[in-house]
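Trainee: I am new to this one. Can you take me through it step by step?

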Amino acid sequence: MASELKTSNGTNTESRDGMAKLARTIRDKILIDEPVKEDGLIDQLERAAAEIDELLASSLGPKGMNKMVVNPVNDVFITNDGKVILKEMDVLHPIVTTLKKLAESMDKACGDGTKTAVILASNLIKNAIGLIRAGVHPTIIIEGYELALQKAYEMLRYSIRQAGEEDVRTTIACSATGKGVERKQAEEITDIVLGVIAHLSETQKGRLDLNRNVKVMKKVGGPGMVALEGLIMDENPARTDMPKDFENPSVLLINYDLKIKSGYLNPQHNLRMDSVQTALMFEERKREMCRELAGKIINSGANVLFCEGDIDPYIETLLRDSKILAFKKLKMKDLEKLSEATGTTLMSKNDEILPRHLGKADRIKLEKRNRENFVFITVKGKPISTILIWDPTRYGLDKVEEAVDDALNNAAFLIKNREIVNGGGAIEFELAHMVRIFAATQTGKKQLAILAYAKALEKVPETLARNAGMKTIDAMVEMRNAYARGVEARIDISRKVTDKGPKVYDSATIKKLALISATETARNVLRIDEIIPKA
């Protein structure tokens, strides 16, 4: 009994030590051990905002730098995507977490503009800290930010233009180049994305659900890219000598093994394999049952079979002889996607296979691309598309995937709402200028807050200029001179402040969301007067 008690006490002690260690680890990530308020709180806000701003600002724009991220399992990848960088940050500081949630909400709402929103919010917080240290109360700063947002939003509406077909293409291509891909590759992405969105718009009413209706696949090889109205799967056929191309095929989906186990042949287990005759009897009975299973599939009229389980080699042979293409050991999520795309009933073990359970596709073709088999399942009448990307390197794959993701989201917005604004930091600079003029109409300390808001807006073109290798002060002076002459200049990838060359546009809807969400996040942070860590 004493021994059991000792063991129990030891276990409890180990458990408490483990919980204490876990709590310590979490505290280290939160970076706060005790309640923080007043000057300490101001320092915490400034530090968190400055570090997030510094982290993301250097990766903004087509000339932005990349981040090498090493996750807890020592997996290394390179990215300049804002939401990925913030998601992989192993820090639980409450202010950092707030800014991470801002990025998540922007990504969920529109799939783009995460860096712009977070950089703007970070600078709004940093600028507010300077005012607080100068004696301006946070409530006054919040009121000034609200007035500045209203003015910026009002002036943004006057800067919006309706995009023509070529402007839509330009806007989508600009969103792709923002991830660092070359212009030619961005144009290829634009062509593919426009085709995908057009197909989804024709086949789906209401809001486009890109996560559900678009599948993006990445493969090492190429480089290259292909899109299909339907599904693409990287699967090998059950046998290499099966037919590989079908027009208007009938599709069958099965979620069980097509194999005969010994328990089915001899359920009482009263026979022993002690003679050649018994073994031959078993084999003949097995072949007979395989013929029955294969017969049900063949008689159903199916041309292509997708099976979640394994398939007996003899059944594979019978299917091959009947000109049926079969795939085995598929994932259930792929079968569910196939069922949705082709209208096929997913068959369970005790279901009777009938022609009405089969689905239809316009074409199913098995092809080898870059030394790997792919199944191209064309279904033109359903709201589902697949984009397949090849690139020789993993980093290249991730970069192109991020570019495709941003292009898809921008295209989805532009199909519904063709409002665009000038890119390359031009719209942020213009709004900052108008907010500064508006500040002159105000009195008291709110004027300082409105000017701080304008300064935060100017951070975007300043960052683009710095990332392009330009001198920030010179670039801002040139922007002001151009604006004074009525010229809509921007920070160009040619490292010039210009209105010449290829146009650069951004989605107005995404800019609106970034402006509103960044301001709201900054206001919520400035309302905090104490951080209390839970004991």
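This is a predicted model: local features need pLDDT of at least 70, side-chain atom pairs count only at pLDDT 80 or more; totals for chains, interfaces and linings use all residues.

Mentor: Residues are numbered from 1 along each chain as its sequence is written, and side-chain values use heavy atoms, with hydrogens and water left out.

Trainee: How many helices and strands does the chain have?

Mentor: Helices (H or I, at least four residues) and strands (E, at least two) are DSSP runs, numbered from the N terminus. By that rule the chain has 18 helices and 21 strands.

Trainee: What percentage of the residues of the chain count as buried?

Mentor: Buried means under 20% relative accessible area, exposed over 50%, and partly exposed in between (1.4 Å probe, protein chains only). The chain has 535 residues, and the buried part comes to 48%.

Trainee: Among contacts between residues at least 6 apart in sequence, what percentage join residues at least 24 apart?

Mentor: Contact means heavy atoms within 4.5 Å. Of the contacts in the chain that span at least 6 residues, the part joining residues at least 24 apart is 74%.

Trainee: What is the strand order in the open sheet of four strands?

Mentor: Two strands pair if DSSP finds at least two bridges between them. In this sheet the pairing is antiparallel, and the order is E7-E15-E14-E8.

Trainee: Which strands stand at the edges of that sheet?

Mentor: An edge strand here has a single partner strand, so one side of it is left without a neighbour in the sheet. Neighbouring strands of the sheet are turned by 20° against each other on average, direction ignored. The edge strands are E7 (230–233) and E8 (245–247).

Trainee: Which residue is the bridge partner of Leu 231 in E15?

Mentor: E7 pairs with strand E15 (residues 372–378) in the antiparallel sense, over four bridges. In E15, the partner of Leu 231 is Ile 377.

Trainee: Which helix packs on this sheet, touching E7 and E15?

Mentor: Axes are lines fitted to C-alpha atoms, for helices over the stretch in contact, and angles run from 0 to 180 degrees between N-to-C directions. The direction of the helix makes about 150° with that of E7. The helix spans residues 332–342 and is H13.

Trainee: What is the order of the open sheet of three strands?

Mentor: Its pairing is mixed, with E5 and strand E6 (224–228) at the edges. Each of these two has a single partner strand, so one side of each lacks a neighbour in the sheet. The twist averages 15° from one strand to the next. The order is E5-E16-E6.

Trainee: Which residue in E16 stands opposite Met 225?

Mentor: E6 and strand E16 (residues 385–391) run antiparallel and are joined by five bridges. Opposite Met 225 stands Ile 389.

Trainee: Which helix packs on the sheet, touching E5, E6 and E16?

Mentor: The direction of this helix makes about 150° with that of E16. The helix is H14.

Trainee: How many salt bridges does the count come to?

Mentor: Side chains of opposite charge can pair when their charged atoms come close. A salt bridge is a side-chain nitrogen of Lys or Arg within 4 Å of a carboxyl oxygen of Asp or Glu. By this rule the count is 35.

Trainee: Which side chain meets Lys 218 in a salt bridge?

Mentor: The N to O distance is 3.1 Å. Lys 218 lies in strand E5 (residues 214–220) and its partner in helix H14 (residues 394–416), so the pair ties together parts that are 183 residues apart in sequence. Lys 218 is partly exposed, at 33% relative accessibility. The partner is Glu 401.

Trainee: Is Lys 219 buried or exposed?

Mentor: Lys 219 forms a salt bridge with Asp 234, the closest N and O atoms being 2.5 Å apart. Lys 219 also meets Glu 372 in a salt bridge (3.1 Å, N to O). Because its relative accessibility is 15%, Lys 219 counts as buried.

Trainee: How many disulfides does a search of the whole structure find?

Mentor: A disulfide is a pair of cysteine sulfur atoms within 2.5 Å. Cys 174 is buried, at 12% relative accessible area, and Cys 307 is buried at 0%. The number of disulfides found is zero.
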